[in-house]
Amino acid sequence: KRVLVLDVGKLTVKPSLTDAAAQSGRAVVTRIFEETGEKRLVGQSTAAAPVFVLGAGRYRIDAQIGMSNIRANRIVDLAPGAEVSADLKLDAAAITLAGISGMATQAALRDRSGRVVWRSRAGDGFRTVVAPGDYLVQIDGGGAEIEKPISVKAGEKLTVDMTTP
């Protein structure tokens, strides 16, 4: 018999969701990347509190709700034989667009960089859950486009009346 000592540690990731994020119904995807060297992906999970056994080193933990812009990340150092627990808070806000059901065929939400972070889909209504921040709501009402800047904070439930400027 031989005893092998492995240069590994145990990393437990505990994503915590605000009420708005939890109501999205989407899974949290947790990814672990090497922080040094090639920065390659070394682990991924959709478990509620994933546990990874990794070689000693520095890692970046990324947690994201589905394909949304709701994200959190953190750097951790893992020593041989260590058991590290990493908490990540995923902040979100709920947005409902009101006063557009009869006129709109399509609604979109853009972040500060102009990237579309949400588009309405048939049957979903005009509701979404996004990361806190500043956005531009765009409504295509069959030829007439309406735009309205909004800002949401973590945990906020905002109803945006699109009938007023």
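Predicted model: local features only at pLDDT ≥ 70, side-chain atom pairs only at ≥ 80, totals over all residues.

Reply: Helices (H or I, at least four residues) and strands (E, at least two) are DSSP runs, numbered from the N terminus. Residues are numbered from 1 along each chain as its sequence is written, and side-chain values use heavy atoms, with hydrogens and water left out.

Me: Is Glu147 buried, partly exposed or exposed?

Reply: Glu147 lies in strand E13, which covers residues 145-152. Buried means under 20% relative accessible area and exposed over 50%, with partly exposed in between (1.4 Å probe, protein chains only). Because its relative accessibility is 44%, Glu147 counts as partly exposed.

Me: With which side chain does the side chain of Glu147 make a polar contact?

Reply: Leaving aside neighbours within four places in sequence, Glu147 is in contact (heavy atoms within 4.5 Å) with Leu136, Val137 and Gln138. A polar contact is a pair of N or O atoms within 3.5 Å; within protein, one must be able to donate a hydrogen and the other to accept it, and residues adjacent in sequence count only if both atoms are side-chain atoms. At 2.8 Å, the partner of the Glu147 side chain is that of Gln138.

Me: What is the bridge partner of Ile95 in E14?

Reply: Two strands pair if DSSP finds at least two bridges between them. Strand E8 (residues 93-98) and E14 pair in the parallel sense over 5 bridges. In E14, the partner bridged to Ile95 is Leu158.
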